[in-house]
Amino acid sequence: MAAPMLRWCCPGRRFAFTRVGCGSCHRRGPPTGSTSNGKRGQSTVAQQPHITAQKPRKGEREWAAVVGLEIHAQIASNSKLFSGSQVHFAAPPNSLVSFFDASLPGTLPVLNRRCVEAAVMTGLALDCHINRKSLFDRKHYFYADLPAGYQITQQRLPIAVNGSLAYSVSVGRKPSQMVTRTVRVKQIQLEQDSGKSLHDDLRSQTLIDLNRAGIGLLEVVLEPDMSCGEEAATAVRELQLILQALGTSQANMAEGQLRVDANISVHRPGEPLGVRTEVKNLNSARFLARAIDYEIQRQINELENGGEILNETRSFDYKLGCTVPMRDKEGKQDYRFMPEPNLPPLLLYDSGSLPSGADPQQVIDIDRLRERLPELPRVTRERLVRQYGMLPEHSCALLNEVGLLEFFQSVIKETRAEPKKVTSWVLNTFLGFLKQQNLAVSESPVTPSALAELLDLLDRKAISSSAAKQVFEELWRNEGKTPAQIVAEKKLELLQDLEALEQLCRSTLEAHPHVVMDLKRGNPRAINKLIGLVRKATLGRADPTAIKEVLERQLSS
Amino acid sequence: MWARAVHLCLRAAARGRRGFTSKADPQGSGRVTGELIQHLERLSLVDFGSQEAVARLEKAIAFADRLRAVNTDGVEPMESVLEDRCLYLRSDNVVEGNCAEELLQNSHRVVEEYFVAPPGNISWSKLDEKQPFPHH
């Protein structure tokens, strides 16, 4: 792995990747949550938290890093942005390609309404100003997977501008110490995706599959308001959740539906921004933060050693864990932007400006789309905390796993148990089992109804909590039995017969007089021994608190 | 192609607005340097392989320069000649595709339903190998 990576740190964050030679990351300087003017928990828009070198070096001064992102999200639509061929992940090569996608002469782009709606909804969710008029342009460059020789995009006037994205980072050791940061959204634009190239170096050729060519993309440009890999990764994660909640993109990085490019530079606080590099090919959530942090450190190292940073494009090499310059792009690219001559301006309306008598299929009403916006993740998390009294980090955890929130809500609906109990069981036991076997919520052998039934039994005190865990394990084996059946089969019911319990307690006390004496002499742990003995006698079917109560009563009489 | 676009714009502009006010000629005679030709060839992958081609380019630039004679103060530029048209919105239905065989027929080389292209991008060195052409 590359040279020591932690000579600076993003305040208050433990890094997930391996550290070479450094201890745990500590903060130096004021914690970012409470900035020097004492405002805690407020969004810090233009404030760059100071990143301090961990080990004092010559003339130890601080470095600040600046990270901007360009995120491309594939729009979840049936057909492509400008043609009627299908959008689908895995299909035989070149089977989802129309004549337009292959750029055959005489074909023309026809805009997909659904893609426009997706862009508007995303813009609204990110608090952007929606441009009532936006324009399409051609961006020219030559590459085999771009059959037309240009990409249709929105360079002059994109569909949405000037929004913001809020995300939470933890600033202390405890997960509860969270602070909200915002990053400004510069713009959102609609553009075409390119095809896929498979490089065959052996035969010195490239194989081209145009299935992806022409799929609608939302490019979301985030201003350089972030200062480290963790902030960038968190912002991307939040954007992912928003897109998924809106349904505008499935935003699955593994399937290439969400791709991130980072613009990174470092400078001394107070001095102007440094030269930036662009890091492409950040297509894994796991490596996003790592790659950005590596590049920041590389730039710091370079500058501290008297070198300089080139304004270049780099790529993250996952195997080596470092950024490498991409094949030289032969100087600055000149994309020769020009207006797309085949597409008139895109006009959007609101309820006030809707042209009367217009075909509803041909007009897009921003107000109607705003009304139909689903609940955003931030609002959902706040609602969960309010409604069920859970901690913020629990609501985060519920939203962080696909399908977990729905599972949780199904259980809540069917059970009488307290929400706190449900939260605990879902996040600890249920999620624990899933993670252990690397399963998705949809693959769970335990249904929400089964868990609800189990929690009811627990709530009624029909079984003890340790018995409940046993039942859960049985349920996980998915042999088709209900919790009630398992309880009956394994005789896990709590002893309801008070008489029998009294008997057992009395006989235990009689059988172990030395322990009783021990207790009477003031040894507090003796009672636990007695409780344990009674429990064994009841084959684990008695509730320890009940046993304790009976024993204490019997002993005092 | 862009010469035609220029032609259209010129026609639209000349369609009876203000008279031709003469502006100072800003560029002199559009001389195209060898460096510029190289740059253009690299960008467009169009081969300006002859004197004649460069001369034609210079004439086209001179032709377009006549636009500067038109006073466009306070006139909002057009985006395209379609800007007053309605942008048609298509419903999100799958109506095309599934014609791999047909499309692949257009390709010089095919490997298992993939188009075959030369590796990476067009190598700049290949372009340099062409015989040098006397630039101005």
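Is A:Phe316 buried or exposed, and what is its relative accessibility? At 2% relative accessibility, A:Phe316 counts as buried (under 20% relative accessible area; exposed is over 50% and partly exposed in between, with a 1.4 Å probe and protein chains only).

This is a predicted model, where local features need pLDDT of at least 70, side-chain atom pairs count only at pLDDT 80 or more, and totals for chains, interfaces and linings use all residues. Residues are numbered from 1 along each chain as its sequence is written, chains are lettered from A and ligands numbered from 1 in the order written, and side-chain values use heavy atoms, leaving out hydrogens and water.

View 1. Rings of Phe, Tyr and Trp (its six-membered ring) pair if their centres lie within 6.5 Å; planes under 30 degrees apart are stacked, over 60 edge-to-face and the rest tilted. A:Tyr318 is partly exposed, at 27% relative accessibility.

**View 2. A:Phe433 and A:Trp476 form a tilted pair.** Here the centres lie 5.0 Å apart and the planes at 45 degrees. Both residues are buried, A:Phe433 with a relative accessible area of 18% and A:Trp476 with 8%. The two also belong to one aromatic cluster, together with A:Phe407, A:Trp425, A:Phe430 and A:Phe472.

**View 3. The charged end of A:Arg268 sits over the ring of A:Trp63.** It is 3.9 Å from the ring centre; such a charge (NZ of Lys or CZ of Arg) must be within 6 Å of the centre and within 35 degrees of the ring normal. A:Lys139 likewise lies over the face of A:Tyr335, 4.4 Å from the ring centre.
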